[in-house]
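Open the structure in your viewer and keep the selection tool at hand. We will go from the whole chain to single side chains, one stop at a time.

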Amino acid sequence: MERALKHKYSVGETVFFTASNVARPAASGTYQVIRLLPIDGDDCLYRIKSSTEAFERVAKESQLVLS
């Protein structure tokens, strides 16, 4: 039986994002969770925003730790 994945972080929480070396360049640092996104394979997705950037990013849960 498959176990249902559940988002570990909630909207409004502050997380530390570690950018992947494989994907597009991104600044590692502190971000706020803006929205929970659908699960992608075996990883939950989040829309996150840094106070130092004018745009939001999409991050996998495996790239985040609670700040």
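**Before you select anything**

This is a predicted model, in which local features need pLDDT of at least 70, side-chain atom pairs count only at pLDDT 80 or more, and totals for chains, interfaces and linings use all residues. Residues are numbered from 1 along each chain as its sequence is written, and side-chain values use heavy atoms, with hydrogens and water left out.

**Stop 1: the whole chain**

Colour the chain by pLDDT, the predictor's confidence in each residue, from 0 to 100. The mean for the protein chain is 88, and 88% of its residues reach 70 or more. Confidence is lowest in E4, at a mean of 94, and highest in E1, at 97.

Now switch to a cartoon view. You will find zero helices and five strands, in the order β-β-β-β-β from the N terminus on. Helices (H or I, at least four residues) and strands (E, at least two) are DSSP runs, numbered from the N terminus.

Next, show the surface. Its accessible area comes to about 4800 Å², of which 52% belongs to carbon and sulfur atoms; such areas come from the Shrake-Rupley method with a 1.4 Å probe, and for residues only the protein chains shown count as cover. Of the 67 residues, 30% count as buried. Buried means under 20% relative accessible area, exposed over 50%, and partly exposed in between (1.4 Å probe, protein chains only).

**Stop 2: the sheet**

Select the five strands together. They form an open sheet in the order E4-E3-E2-E1-E5, with antiparallel pairing. E4 and E5 (64-66) stand at the edges with a single partner strand each, so one side of each is left without a neighbour in the sheet. Neighbouring strands here are turned by 50° against each other on average, direction ignored; the axes are lines fitted to C-alpha atoms (for helices over the stretch in contact), and angles run from 0 to 180 degrees between N-to-C directions. Two strands pair if DSSP finds at least two bridges between them.

**Stop 3: strand by strand**

- Select 14-17 and 29-40. These are E1 and E2, antiparallel strands joined by four bridges. Phenylalanine 16 stands opposite threonine 30 in E2.
- E2 and E3 form a hairpin with two residues between them, and glycine 41 in the turn has a positive phi of about 70°.
- Select 43-49 and 56-60. Five bridges join E3 to E4 here, again antiparallel, and a hairpin links E3 to E4 through six residues. Tyrosine 46 stands opposite alanine 59 in E4, while leucine 45 has lysine 60 in E4 as its bridge partner.

**Stop 4: glutamine 32**

Glutamine 32 is in strand E2. Is glutamine 32 buried or partly exposed? At 38% relative accessibility, glutamine 32 counts as partly exposed. Not counting residues up to four places away in sequence, glutamine 32 touches Gly12, Glu13, Arg47, Ile48 and Lys49; contact means heavy atoms within 4.5 Å.

**Stop 5: two buried loop residues**

Select glutamate 53, in the loop between E3 and E4. Glutamate 53 is buried, with a relative accessible area of 14%. Leaving aside neighbours within four places in sequence, glutamate 53 is in contact with Ala27 and Tyr31.

Finish at glutamine 63, in the loop between E4 and E5. At 18% relative accessibility, glutamine 63 counts as buried. Beyond residues up to four places away in sequence, glutamine 63 touches Phe16, Phe17, Thr18, Ala19 and Ser20.
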